[in-house]
Structures are given as C-alpha cells and as structure tokens.
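The stops below can be taken in order.

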Amino acid sequence: MQPNRRTFLSTGAATLAMLPFARALPAHAAGGDTLVVVSGQTINSLDLHRTGTNRASYQIAVNCYDRLVTFGTKDAPGGGLSYDYSRIEPELAESWTISEDGLTLTFKLKSDATFQDGSKVTAADVKWSFDRAVSVGGFPTTQMKAGGLNRPEQFTVVDDETFVVTLDRPSKLSLPDLAVPVPFIINSTLAQANATAEDPWATEYLHKNTIGSGAFKVVRWDQGQQVVYERNEAWTGGPVPPVRRIIVREVPSAATQRALVERGDVQVAFDIPDKDAAELAEKLTVFSTPIENCIHALCLNSNFEPFQDANVRKAVAWAVPYEAIFNAAAYGRGAPLWGGSEEITDISWPRPSQYATDMEKAADYMAQSAFPDGFETTLSISTDLAYWMEPAALLIQEALAKIGITATLEKIPGANWRTAALVEKTLPMHLENFGGWLNTPDYYFFWAYQKDKLFNSSNYYNEEVERLTDEVLHVAMDDPDYAPKIARMFEIVLEDLPRIPLYQPALNVAVHGADGYQFWFHRQLDIRSLKTVES
C-alpha cells in the first residue's frame with residue numbers, strides 16, 4: 001500500500017582580522033555564490049557514526065549525504081519554515097510501499113542518483129550503510145533500534161534500485177527513523193577500498209572525507225576553525241541549492257558572532273543566545289523556533305542519597321524560581337513548562353508540570369524529608385551552555401538556600417560535559433537538555449526515562465515506566481491503549497521528578513543578507529535551502 005498520513009502516524013565585538021582563517025575566504029568572496037555562517041559549535045568529525053562525534057557534526061550528514069526519505073516542510077511558529085514530522089517525502093528513494101501487515105518496507109531508488117565521484121547509488125550502498133549504522137554501536141545503533149532496525153539481516157538488496165527493510169513488528173517510528181541524520185547513505189565501494197581489518201567500517205577515512213550523494217560536499221575542514229561546503233551540481237535529492245559555496249566558521253564568542261552578523265560581514269549567525277536574539281530582533285530578522293520534544297530541565301540524580309528522598313525532590317520542585325529563570329535565561333523565548341494542571345487530560349508533550357514557585361510548600365516538604373536541616377550538594381553546568389545554564393543555576397542556588405540546601409556551583413568544560421553528565425552520570429544535581437528527534441512522547445521517554453539510556457542523566461528507574469515505554473514505543477498513536485498509557489507515564493514521572501521541567505527552549509538564528517532558513521529537530525543547520533539576498 002502507498003504511504004499516507006494515517007499510515008505514517010500509525011506505523012565584546014571582535015573584527016574579522018582577529019580570525020586568521022577568515023582572510024583566506026572573505027565573506028563576499030564570490031558575491032551571491034558564497035554565503036558565510038558563524039556558529040559557536042565545534043565540528044569534531046565528518047562521520048556521524050564515529051565514536052565521540054559531537055552533535056555539531058551532525059550537520060555534515062544532513063548536508064553531504066542523502067537518506068532514503070526526508071520530512072516535509074511547514075510554516076514555523078513565529079515565522080519562517082520548519083520540518084513537518086507528519087509528512088514523509090522522497091530523498092534518495094523515488095517511492096516506497098508498506099506491506100499490509102506493516103512488516104515490509106520496499107524502497108525504489110532514483111535511477112539517476114549518483115555519488116560525488118559520479119558512480120551510481122545502488123541498493124547495495126544502502127544496505128552497507130544500514131549494516132554499518134546498526135553495527136558500529138553507541139548512539140547511531142541505539143537510534144536505529146528506536147525504529148526497530150536492529151541487525152543487518154533485516155536489510156535486503158533485490159536489485160540495484162530496490163531495497164527492502166523487514167521489521168520484527170510494525171512500528172510507527174520505523175519510517176520517520178529513516179529520515180533522521182543517522183541512516184545516511186555512503187559510497188560503499190569507496191569506503192570499503194579505504195577500510196582495514198581493524199577498521200572494517202572505514203571510520204578513519206570517513207572521519208576526514210565526505211563520500212555521499214547529498215547536496216554538498218566538504219572541500220575544506222580546518223578543525224576548530226571552519227568547514228567549507230561546495231554544491232553538488234548533480235544532486236537528485238531535492239532542488240539544487242541556490243548557493244554554490246557555503247562557509248561555516250566557528251566563532252566561540254557570542255559577542256563576536258553578534259557583531260559579525262549585525263554588520264553584515266556574515267549572513268547567518270546560528271544558535272545564538274536568547275539575550276542576543278531578543279536584542280537583534282529589533283534590527284535584523286531573527287528566527288526563534290520552539291524546539292519540538294525538547295526540555296531544559298533540572299535533574300536530580302538518584303545515585304545520591306538526598307535525591308532518593310521523594311520529599312526532597314518535591315521541595316526542590318516547589319522552590320525553583322521558574323518565571324525568573326525563563327526571563328533571565330531564556331529572555332521569554334521558548335515556552336513555559338510550569339504551573340499546569342495536575343490532572344492529565346491530553347497527551348501533548350512537552351507539557352507544563354503542576355509545579356510552580358511556592359516557598360511555603362517547599363519548606364513543608366523539606367521538613368517532612370529525611371533532611372529537615374538541609375544538606376550540601378553540587379549544582380553542575382556546562383561551560384558551553386553557560387549562556388542559559390549559569391543564570392538558571394544562580395537563581396536555583398539562591399532559592400534552594402532558603403530551604404536549607406547549599407548548592408555549590410560546578411562549571412564543567414564543554415569537552416567533558418557529555419562524559420560526566422550522560423555517559424558516567426556522576427553529577428548529583430545538574431541542568432540538562434534533551435530533545436527527541438522523533439516527535440512522540442514515548443520516544444522522549446525511551447531516551448530520558450529508561451534505565452541506562454544516554455540521556456537518563458538522573459539514573460532514574462521505575463519498573464512501570466520501563467514497561468509502559470516498551471509497550472507504547474512502536475504502537476500507533478490512534479491505538480485505544482496508547483493515550484491512557486502515555487497519560488500514566490506522565491503522571492508517574494511528574495510525581496517522581498527525576499527531571500524537573502523548566503522551559504521548552506527555542507533555537508535562535510539571525511540572518512542578514514540571507515533567506516531560506518528552515519528549522520530542524522536535530523538543531524543543526526540545513527544549508528541546502530539557504531540563499532543570499534540583498535541586505
């Protein structure tokens with residue numbers, strides 16, 4: 001049967017002279033043929049599947065490789081464009097069918113799709129790429145499992161242009177999981193020519209080379225400085241990009257980013273702080289898009305005794321100065337996630353919790369706890385995210401002192417944050433952010449509330465939540481059991497409070513002499529639709 005919506009749902013300013021690499025590639029080097037972006041993020045690999053690849057690097061997979069399918073486009077809240085989770089569209093696949101039992105997905109590839117070296121994209125390349133994604137381990141393999149893609153035996157080559165995925169059970173996440181950055185298609189012939197016995201998936205080669213069929217290729221990567229993209233004139237995955245060359249420069253200073261885009265020396269400043277977004281919006285076009293399925297949260301680690309006490313967790317939740325944090329850290333951008341009804345009447349997510357700032361309630365819960373006289377702990381933040389974490393942490397620190405909790409602020413370098421917070425999970429109390437790529441609440445729970453999952457930095461475990469998440473993860477959202485089970489999951493975690501929701505953040509992008517920006521769930525820049533315009 002042909003896929004449709006129901007089927008899918010069911011199954012201080014600095015100058016450019018301070019940037020040595022900028023002189024080699026000036027912003028207006030080729031007029032309308034070149035567009036320059038600044039970002040504070042560091043790209044540490046050209047291969048998303050490589051162990052240790054950071055989130056900033058996901059943009060390489062998005063822009064230089066194709067997936068079988070992609071998401072559609074819709075108007076974004078507050079202006080501009082956004083991806084549309086409800087619509088699946090072709091990218092490398094020309095068409096696809098889903099069997100009546102929902103277990104077999106058959107993809108017909110575009111006959112004219114080619115890699116950067118001119119060789120034809122075949123179903124054998126798709127299989128090798130999928131085999132790689134489910135076998136390399138770590139985040140990519142877990143992400144594939146979320147869509148029911150677990151092992152190479154599920155992927156079959158029928159002929160050069162026909163590729164089949166066989167599922168163990170029908171899942172509403174399988175098709176959309178093929179549209180996220182992870183299952184990108186690699187030139188397998190070239191990859192295998194550069195593989196070794198010790199590195200069968202050619203991770204060392206792909207770490208420094210892009211060998212895809214996507215809209216762009218990387219022609220220069222100066223790690224810690226810039227990535228230079230050039231257009232793939234033969235791209236078949238969508239309209240040929242309007243701009244021939246796009247330069248993404250790493251500029252750690254937010255003040256410098258702001259100065260560059262404000263003056264028009266660069267055309268796009270990506271992922272800028274809320275304060276700068278609020279102030280620049282009076283002068284430039286600024287897109288501030290609430291990030292779907294994403295929450296800034298205060299996390300309480302159950303491996304530490306005070307936070308094993310339910311009354312302590314409630315005391316903290318009632319003490320948090322939510323509105324002050326939203327104003328000081330988010331500058332009112334995004335969406336509040338406090339002061340909601342305790343009664344759960346729908347399954348919208350993210351949703352406001354029933355908690356709000358009430359110091360009397362906070363004090364009462366502390367008095368009932370095993371720590372009525374308070375205790376000392378640390379409150380950890382990432383220096384890379386200090387623009388929102390530090391003002392939030394200082395306000396939380398001040399509020400908790402009023403109920404006897406002495407929280408020492410710990411600033412962890414961004415390079416070490418992921419390991420401490422997410423891998424080792426050794427931070428007693430910390431600020432954290434997670435946004436789910438697949439826009440369902442059960443997918444958020446899969447990553448953030450299930451035992452040992454990467455983003456469960458609170459070490460939370462609840463047997464009922466484990467069971468319910470497993471039960472609903474793959475079932476259709478219109479299944480009669482889905483909504484009641486989701487509501488029960490909400491009820492449990494908002495009572496247990498391993499993660500105290502603060503607010504839903506926005507992704508801020510300032511443009512000056514550019515157009516065509518589109519927001520994506522992966523929070524990386526899709527350069528394929530960008531174009532230059534007169535300032």
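Predicted model: local features only at pLDDT ≥ 70, side-chain atom pairs only at ≥ 80, totals over all residues.

Residues are numbered from 1 along each chain as its sequence is written, and side-chain values use heavy atoms, with hydrogens and water left out.

**The cores**

Start with Leu68, Phe107, Phe130, Leu298 and Leu431. These touch the most other members of the largest nonpolar core, which has 153 residues. A nonpolar core here is a set of buried Ala, Val, Leu, Ile, Met, Phe, Trp, Tyr and Cys residues joined through side-chain atoms within 4.5 Å. Buried means under 20% relative accessible area, exposed over 50%, and partly exposed in between, with a 1.4 Å probe and protein chains only. Next select helix 18 (residues 482-496), which gives this core its largest share, 7 residues. Helices (H or I, at least four residues) and strands (E, at least two) are DSSP runs, numbered from the N terminus. Another core lies apart from the largest one; it has 15 residues, including Val228, Ile247, Val266 and Leu284. In soluble globular proteins, nonpolar side chains tend to be buried together.

Now centre on Leu431 and show its surroundings. Leaving aside neighbours within four places in sequence, Leu431 is in contact (heavy atoms within 4.5 Å) with Ala297, Leu298, Ser380, Ile381, Trp388, Met389, Ala392, Ala393, Ile396, Trp417 and Leu502.

**Helix 17**

Select residues 463-472, which form helix 17; its buried residues are Val465, Glu466, Leu468, Thr469 and Val472. Helix 16 (441-448) and helix 18 are included in what covers them. At the start of helix 17, look for Asn462, where a side-chain oxygen reaches to within 2.9 Å of the backbone nitrogen of Glu464.

On a 1 Å grid over the protein atoms alone, a cavity is a set of points where a 1.4 Å probe fits but cannot get out; a pocket is an open set with protein on both sides within 12 Å along at least five of seven lines; lining residues have an atom within 4 Å of a point. Grid points are joined across faces, edges and corners, and a volume is the space filled by probe spheres set on the points.

Colour strand 8 (216-222), strand 9 (226-231) and strand 10 (245-250): each supplies at least two residues of this lining. Strand 10 has the largest share, 3 residues. By class, the lining has 4 nonpolar, 8 polar and 3 charged residues. Ala, Val, Leu, Ile, Met, Phe, Trp, Tyr, Cys and Pro count as nonpolar, Asp, Glu, Lys and Arg as charged, and the others, Gly among them, as polar.

The second largest cavity has a volume of about 50 Å³. To outline it, select Val62, Arg67, Thr70, Glu91, Ala179, Val180, Pro181, Trp520, His522, Asp526 and Arg528. This lining divides into 5 nonpolar, 2 polar and 4 charged residues.

**The second largest pocket**

The pocket holds about 350 Å³ of space. Strand 2 (69-75) and strand 3 (81-90) each supply at least two lining residues, and strand 2 has the largest share, 4 residues. The classes here are 8 nonpolar, 7 polar and 4 charged.

**Ser45**

Go to the loop between strand 1 (34-39) and helix 3 (58-64), where Ser45 is found. Ser45 is buried, with a relative accessible area of 1%. Its side chain makes a polar contact with the side chain of His207 at 2.9 Å. A polar contact is a pair of N or O atoms within 3.5 Å; within protein, one must be able to donate a hydrogen and the other to accept it, and residues adjacent in sequence count only if both atoms are side-chain atoms. A polar atom of the Ser45 side chain also lies 3.0 Å from the backbone nitrogen of Asp47.

**Backbone stops**

Select Trp349 and Pro350, which are joined by a cis peptide bond with omega about 0°. Ala202, not a glycine, has a positive phi of about 55° and is buried, with a relative accessible area of 0%. End at Tyr331, where phi is near 50°; this residue is partly exposed, with a relative accessible area of 36%.
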